[in-house]
Amino acid sequence: MGIVKAVCISEKKGTAKKNIGECNLIAEYGLKNDAHGGSERQVSLLSYEIETAFAKKTGLDIEPGVFGENLLVSGFDFKKCAIGTRFVCNDVVLEITQVGKICHEGCNIRQMTGDCIMPREGVFAKVISGGKISVGDEMSIEKRAYTAAVITASDRSFEGVREDKSGPLVKELLEGYGYKVISYDLLSDDENMIYKRLVEISDNDMPDVIFTTGGTGFSVRDRVPEATLKAGDRNVPGISQAIRNYSFNITPKAMLSRAESVIRKRTIIINLPGSPKAVRECLEFVVPTLSHGIDILRGEADG
């Protein structure tokens, strides 16, 4: 649970905002009379604890809104929240659309404070439902759908020689489990291409999980496990081992799988087989347990 510490607006973009105590938020727009209303970054949110720590570190007298935040809230470290996370305050529902941003040249805020923490510590949201927010109001996180990305690695499908049936099936099955699939990519078996896309999705879109399909066998071009290990910060061998053990009860060929599973920041990356039949079997096995791991990684459950 969070507490709203300041409600701020400004008349001009790129300038400090002023705490006005309360404001109406308009659906698909932002705060009434705010310079960022109607933009792609409708509402900016910043942690009260982070702003307070900055003031203590620098010795500066920091007023709410000086970093351009609309809502200063105690109780949340917003930068750890995934895109798609929703916050509820009274009748207002906000959905995170962007985490951080690039600080523009000649930033007035940076000139005033010596540093602008909003680009690395703040988040931006759109207004799903409007209403009034006032200082002292409680804010909570709305339980959200898990998010996923899907990558198929196949030279033949990438070149249009063979239809990719596994990637779309992964998407269909995940949506059936209530996941929001934010992207689907069909790539060649090029290790560097796969690695770069894994990094891009994990770092920018921050889904809960990325499922890859294909490229886990003995062929010279099967390099998905190598790309996955390169992208990962930490290994999660239990997932890939459990999938192999389960699949071995179906076919002894499961011992030939080189699939890996890792964590990059707050995204789990899991390699699946290439055949639609094996994809279905593996997903039906792993998805029910995976949710607990996602909640732990997101700080929403205890280990």
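In this predicted model, the buried residues of helix 8 pack against strand 16, strand 17 and helix 9. The buried positions of helix 8 are Ile-239, Ser-240, Ile-243 and Ser-247. They lie on the same side of helix 8, because they cover an arc of only 90° around the axis. Such spacing fits a general rule. An α-helix has 3.6 residues a turn, so residues three or four places apart point the same way. The length of helix 8 was also checked. Its 12 residues, at 1.5 Å a residue, should span 16 Å. The end C-alpha atoms are 16 Å apart, which agrees.

Helix 7 covers residues 224-231. Its buried residues are Val-224, Pro-225, Ala-227, Thr-228 and Ala-231. Seen down the axis, these fall within an arc of 160°, so they line one face of helix 7. That set packs against strand 12, helix 6 (191-205), strand 14, strand 16 (261-264) and strand 17.

The largest nonpolar core holds 25 residues. Leu-174, Tyr-179, Phe-211, Ile-268, Ile-270, Leu-283 and Leu-290 touch the most other members. At least two core residues come from each of strand 12 (147-153), helix 5 (166-176), strand 14 (209-213), helix 8 (237-248), strand 17 (267-272) and helix 9 (276-297). Helix 9 gives the most, with eight residues. Leu-290 shows how these parts meet. Beyond its neighbours within four places in sequence, Leu-290 is in contact with Tyr-179, Val-209, Phe-211, Ile-239, Ile-268 and Ile-270. A second core is separate and has 23 residues. Leu-25, Phe-78, Leu-94 and Ile-133 are among them.

Two single residues were also examined. Ser-157 sits in helix 4, which runs over residues 155-158. Its relative accessibility is 7%, so Ser-157 counts as buried, the cut-off being under 20%. Leaving out residues up to four places away in sequence, Ser-157 touches Arg-162, Glu-163, Asp-164 and Leu-186.

Gly-65 belongs to the loop between helix 1 (48-58) and strand 6 (71-74). Gly-65 is buried, with a relative accessible area of 0%. Residues up to four places away in sequence aside, Gly-65 touches Cys-8, Ala-16 and Lys-17. Gly-65 and Ile-9 are 56 residues apart in sequence. In space, their C-alpha atoms are 7.6 Å apart.

Technical notes
Residues are numbered from 1 along each chain as its sequence is written. This is a predicted model: local features need pLDDT of at least 70, side-chain atom pairs count only at pLDDT 80 or more; totals for chains, interfaces and linings use all residues. Side-chain values use heavy atoms; hydrogens and water are left out. A nonpolar core is a set of buried Ala, Val, Leu, Ile, Met, Phe, Trp, Tyr and Cys residues joined through side-chain atoms within 4.5 Å. Buried means under 20% relative accessible area, exposed over 50%, partly exposed in between (1.4 Å probe, protein chains only). Helices (H or I, at least four residues) and strands (E, at least two) are DSSP runs, numbered from the N terminus. Contact means heavy atoms within 4.5 Å. The arc is that of the directions from the helix axis to the C-beta atoms. The expected span of a helix is 1.5 Å times one less than its number of residues.
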